[in-house]
Amino acid sequence: MRWIKQGRIFAPDGKRWWARNYAMLPTVDVRDDRTLRVYFAALDDEKFGRIGYIDVDADEPKRILYESDEPVLDIGDLGAFDDSGVNPSCVVTVDGRKYLYYIGWQRCKRVPYMLFSGLAISDDNGDTFTRSSRTPVLDRTPSEPFSRSAPCVLVDGNVFKIWYWSCESWSEENGWIHYNNIIRYAESNDGVIWRSTDVVCIAPDASKDYSVGRPWVIKENDLYRMWYSVRSRDDISYRIEYAESNDGKQWTPHKEAAGIDISDTGWDSEMTCFPCIVDSGANRYLFYNGNRHGSTGFGYAVHRT
């Protein structure tokens with residue numbers, strides 16, 4: 001496969017109090033055959049993160065139709081798992097309601113932050129969201145005590161399936177404190193209470209990488225397809241890779257098939273990361289972040305066979 005880059009869509013102009021800079025984790029909801037809604041996280045002056053959105057033309061996503069004046073999800077209560085920021089990760093429509101699975105983050109002292117997965121629900125087609133709980137839907141477990149987040153959810157038959165970022169440990173190397181992550185899998189009957197499986201779907205290549213994350217999974221016929229981010233030990237940059245699975249649990253990486261890399265110059269010349277793949281009409285789009293994991297905004301590419 002190959003993706004043909006179409007350029008950058010959006011980066012905050014700094015005029016909104018909650019969106020001074022960054023546009024991280026583009027998360028797309030296909031509204032209809034004319035409009036795509038792209039949720040993203042931006043940072044305020046104190047680097048707290050909130051979720052807003054833009055609506056774009058489904059045939060020409062670089063054409064912005066509307067930008068939200070205020071965030072649709074604010075930071076959590078003091079001391080909560082999401083009191084420092086919320087980032088979108090996946091939107092699923094369930095019985096006419098929008099389920100927004102998000103990354104809640106909390107700043108720490110000895111490590112930079114902890115990440116856990118929250119759920120917010122909308123009854124007005126995604127214009128506003130209310131937390132389903134002040135606690136995470138993916139919280140600590142004895143086998144995953146550090147972080148569980150960046151979820152991607154599919155409703156597959158009567159089963160909710162989730163793939164997510166799981167921190168195995170923190171380590172210090174060459175003056176950097178960083179996470180060591182894998183991608184895991186869990187299931188649910190209702191999208192709220194999840195059964196851990198301890199299945200490891202993707203692990204980094206230990207010889208050169210230390211983290212994999214923000215999986216995005218689609219299912220075509222009986223084949224599961226995943227795009228995900230990988231972080232290198234050499235230059236701490238991200239790139240997008242690809243894997244396939246017959247059951248959603250055991251995955252085979254096909255790195256050469258990701259179909260997208262950094263550009264020679266410009267907003268995505270240092271890294272590509274945080275993929276989101278959606279079908280709209282006859283088009284398949286890949287939305288993604290570029291340099292410094294979102295400080296330069298997000299753009300998109302179109303799939304070509």
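**Surface, fold and cores of the chain**

The chain exposes about 13200 Å², of which carbon and sulfur atoms supply 46%. These values, like those that follow, were computed from a predicted model. Within the chain, buried residues account for 57% of the 305 residues.

In terms of secondary structure, the chain contains 20 strands and zero helices. The radius of gyration of the chain is 18 Å, which is close to the 19 Å given by the globule rule for 305 residues, and the chain is therefore as compact as a globular protein of that length. Along the principal axes, the C-alpha atoms of the chain fill a box of roughly 45 × 45 × 45 Å. Where contacts between residues at least 6 apart in sequence are considered, 49% of them join residues at least 24 apart.

The largest nonpolar core holds 49 residues, and the members that touch the most other members are W163, I202, W251 and F287. Strand β15, which spans residues 223-232, contributes the largest share of this core, namely five residues. When residues up to four places away in sequence are not counted, I202 touches I182, I183, V212, M226, Y228, A243, W251 and P253.

Note on methods:
Residues numbered from 1 in each chain as written. Predicted model: local features only at pLDDT ≥ 70, side-chain atom pairs only at ≥ 80, totals over all residues. Heavy atoms only, no water. Helix = DSSP H or I, 4+ residues; strand = E, 2+ residues; numbered from the N terminus. Rg over C-alpha atoms; globule rule 2.2 N^0.38 Å. Buried < 20%, exposed > 50% of the residue type's maximum accessible area, 1.4 Å probe, protein only. Contact = heavy atoms within 4.5 Å. Areas by Shrake-Rupley, 256 points an atom, 1.4 Å probe, with all protein chains shown as cover. Core = buried A, V, L, I, M, F, W, Y, C linked by side-chain atoms within 4.5 Å.
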